[in-house]
Amino acid sequence: MTEPDYIFESSWEVCNKVGGIYTVLSTKARTLQRQLGNGLLFIGPDLGAQNPDFEEDRKLFPAWRKAVARDEALRVRTGRWAVHGNPLVVLVDYKPLFPERDGLYYSIWESFGVDSSRGYGDYDESCIFACAAAKVICHFYRYHHLEDKNVVAHFHEWTTGMGLLYLQKRLPAIATVFTAHASVTGRAIAGHGKPLYGYMDGYCGDQMAFELHVEAKHSLEKQAARHADCFTTVSGITAAECRQLLEKTPDVVTPNGFEPDFVPAAGAPYAAVRSRARRTLLRTAGKLWGCAVRPDAFLVAVSGRYEYRNKGIDVFIDVMRAMRRSDAWEGEIVAFIMVPAWVCAPRADLKKALDEDVEITEPMQAPFLTHWLQRMDEDRITDYIRSAGLARAADARVKIIFAPCYVDGKDGIFNETYYDLLTGMDCTVFPSYYEPWGYTPMESIAFGIPTVTTDLAGFGLWAKTAAAECHAEDSVAVMHRTDDNYDELVAGISSRLCAMTRRNAAERDAAAQHCRALAEKAGWTHFIAFCREAYAIALKKAKDRMQKELHRI
């Protein structure tokens, strides 16, 4: 199998934590570095102060930086990504390229048929960054004379698709890989409440993209998938989606791995983090609801992007409503929705109560909310919490709390990181409808926290088979979900949670061990083999292309 000497990985999420691709790349880096060393180079957008994970190092490639500024009028910064392995990073200021937009779009339309005329929102910014990243790769390749090296350029998601096409046109010697972490049109279908799975065979991607106003993104994604030397996606369920909507079958499925390096060591270190996290969570709940919460309360959470239906947030709320009405369990549940929304500020009354340890004897206003929101009357989560009857009755056994902030250690209320708070949970629930992979349940089991997910998530499909090998079926519950079994799903998850609340200490410890055993099977040390297969396919295709070109000449 041909191995790359250099890999350029381009993504909007390099040093920019806005979604799951950040986790894909940042956790994969160290595994790839063991093979490539400084032959692994990430390229991301230069967002100035918004790049807290970027550690600039002006000693890296100083002559090349000057050359690319002179030759391409692009300002780049070099440094390291502040993640395990500290891989090399180039951040490019793409904004000076905006005056060339129309010419770039015309060139890509002329060569590949990408219709950018209906682009809107983040389309322009993404495409201009992608072209800037491609220019950086071209210049680095030529400046450092990599013609005799095996070079792969890996582009992630539609947001970098135009960079792949630009590179394919300008420097075909470089092998290209394109990974669709979802499909634009599939996500749009699901997000608009349409049945995606039962009607999949009847959908035409081009027609649905037009109907849902994502024509430009769909067109770009479709052509990037078709023209990449190797097209990959992250799960079998998304591969079927791409086959139908993009009319392109992925060459390889590359499941997302994980590196649990930041999980606290077993024993006393883990116990200390868990104890601190539970104190924080229980204390916050007690202040909001104006009552003491039992120290042994069952803590459960859902987290991720604010995709109300796709992430199953509606299901989670209905599960909590069912649990409140059920008499099949004993004790107390505190349910956390950790989903960033349009935050106004940490609520001052809660902050004061926490900072000054003010005694609160009755529920605060909106006791289910840790931060005030902009346009709170238009927020779907808060609206559904109220309509589900979960916004009142402090004496109820189920209390729900919506934390609409980035839990990054400086949110003003918890002031703990998401991973630390995750360690304090007893269970997580991710009842996804649309989830190409699903890092949140994977993270949960890595921390020894049992989880509930669905077979519409790529991770869920994988875990359904892998869990049996390490006796983790009761620790990773994979619920069957379809377009129309909503009520059955709610009842099934409620039943699972009831069973979990009744576990004794020994059973909880065993479940945690089973979780960690399954998480080990999903490490990059295992899954990186699929990426290497993709690189080999791309390199062979690029080599064949160049040989044909030589024979033609």
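In which hand, left or right, does helix α10 pass helix α12 in their crossing? The first legend answers this; the legends describe close-up views of a predicted model.

**Figure 1. Helix α10 crossing helix α12.** α10 passes α12 in a right-handed crossing. Helix α10 covers residues 268–289 and helix α12 covers residues 348–355; their axes come within 10 Å and cross at roughly 125 degrees. On the α10 side the contact is made by Arg283, Thr284, Lys287 and Leu288. On the α12 side Leu350, Ala353 and Leu354 take part.

**Figure 2. Helix α5 packed against helix α8.** Helix α5 (residues 161–170) and helix α8 (residues 215–227) have axes 9 Å apart, at an angle of about 45 degrees. The two helices are therefore oblique to each other. The crossing of α5 over α8 is left-handed. Gly161, Met162, Leu164, Leu165 and Gln168 of α5 meet Leu220, Gln223, Ala224 and His227 of α8.

**Figure 3. The largest nonpolar core.** This core holds 125 residues. The members that touch the most other members are Met320, Phe336, Ile337, Ile385, Leu497 and Leu518. Helix α19 (residues 524–552) gives the most to the core, with nine residues. Apart from this core lies another, of 74 residues, including Leu60, Ala133, Leu164 and Phe178.

**Figure 4. Surroundings of Ile385.** Ile385 is one of the residues that touch the most other members of the largest nonpolar core. Leaving out residues up to four places away in sequence, Ile385 touches Ile317, Ile337, Phe368, Leu390, Ala391, Ile400 and Phe402. Ile337, in contact with Ile385, is also listed among the core residues that touch the most other members.

**Figure 5. Cysteines without a disulfide partner.** A disulfide is a covalent bond between the sulfur atoms of two cysteines. A search of the whole structure finds zero disulfides. Two cysteines are shown here as examples. For Cys230, the closest cysteine sulfur is that of Cys531, 9.8 Å away, which is too far for a bond. Cys230 is buried, at 0% relative accessibility. For Cys515, the closest cysteine sulfur belongs to Cys427, and the separation of 8.9 Å is again too far for a bond. Cys515 has a relative accessible area of 0% and is buried.

**Figure 6. Val339 in the loop between β11 and β12.** Val339 lies in the loop that joins β11 (333–338) and β12 (343–346). Buried or exposed, how does Val339 count? With a relative accessible area of 1%, Val339 is buried. The residues it touches, not counting those up to four places away in sequence, include Val302, Ser303, Gly304, Arg305, Tyr306 and Ile313. Phe402, Ala403, Pro404 and Cys405 are also among the residues touched by Val339. Val339 and Glu307 are 32 residues apart along the chain, and their C-alpha atoms are separated by 8.9 Å.

**Figure 7. Arg75 in strand β4.** Arg75 belongs to strand β4 (residues 75–81). At 44% relative accessibility, Arg75 counts as partly exposed. Its contacts, not counting residues up to four places away in sequence, are Asp46, Leu91, Val92 and Asp93. Arg75 and Tyr94 are 19 residues apart in sequence, and the distance from C-alpha to C-alpha is 8.0 Å.

**Figure 8. Two loop residues with positive phi.** Asn86 is found in the loop between β4 and β5 (88–93). Although Asn86 is not a glycine, its phi is positive, at about 45 degrees. Asn86 counts as partly exposed, at 33% relative accessibility. Asp357 is found in the loop between α12 and β13 (371–373). Asp357 has a positive phi of about 50 degrees and is not a glycine either.

Figure 9. Ala536 is found in helix α19 and is buried, with a relative accessible area of 14%. Ala536 and Thr2 are 534 residues apart in sequence, yet 5.1 Å apart in space, C-alpha to C-alpha.

Technical notes. Residues are numbered from 1 along each chain as its sequence is written. This is a predicted model: local features need pLDDT of at least 70, side-chain atom pairs count only at pLDDT 80 or more; totals for chains, interfaces and linings use all residues. Side-chain values use heavy atoms; hydrogens and water are left out. A nonpolar core is a set of buried Ala, Val, Leu, Ile, Met, Phe, Trp, Tyr and Cys residues joined through side-chain atoms within 4.5 Å. Buried means under 20% relative accessible area, exposed over 50%, partly exposed in between (1.4 Å probe, protein chains only). Helices (H or I, at least four residues) and strands (E, at least two) are DSSP runs, numbered from the N terminus. Contact means heavy atoms within 4.5 Å. A disulfide is a pair of cysteine sulfur atoms within 2.5 Å. Axes are lines fitted to C-alpha atoms, for helices over the stretch in contact, and angles run from 0 to 180 degrees between N-to-C directions. A crossing is left-handed if the near helix is turned anticlockwise from the far one by less than a right angle, and right-handed if clockwise. Angles under 35 degrees count as roughly parallel, over 145 as roughly antiparallel, 65 to 115 as roughly perpendicular and the rest as oblique.
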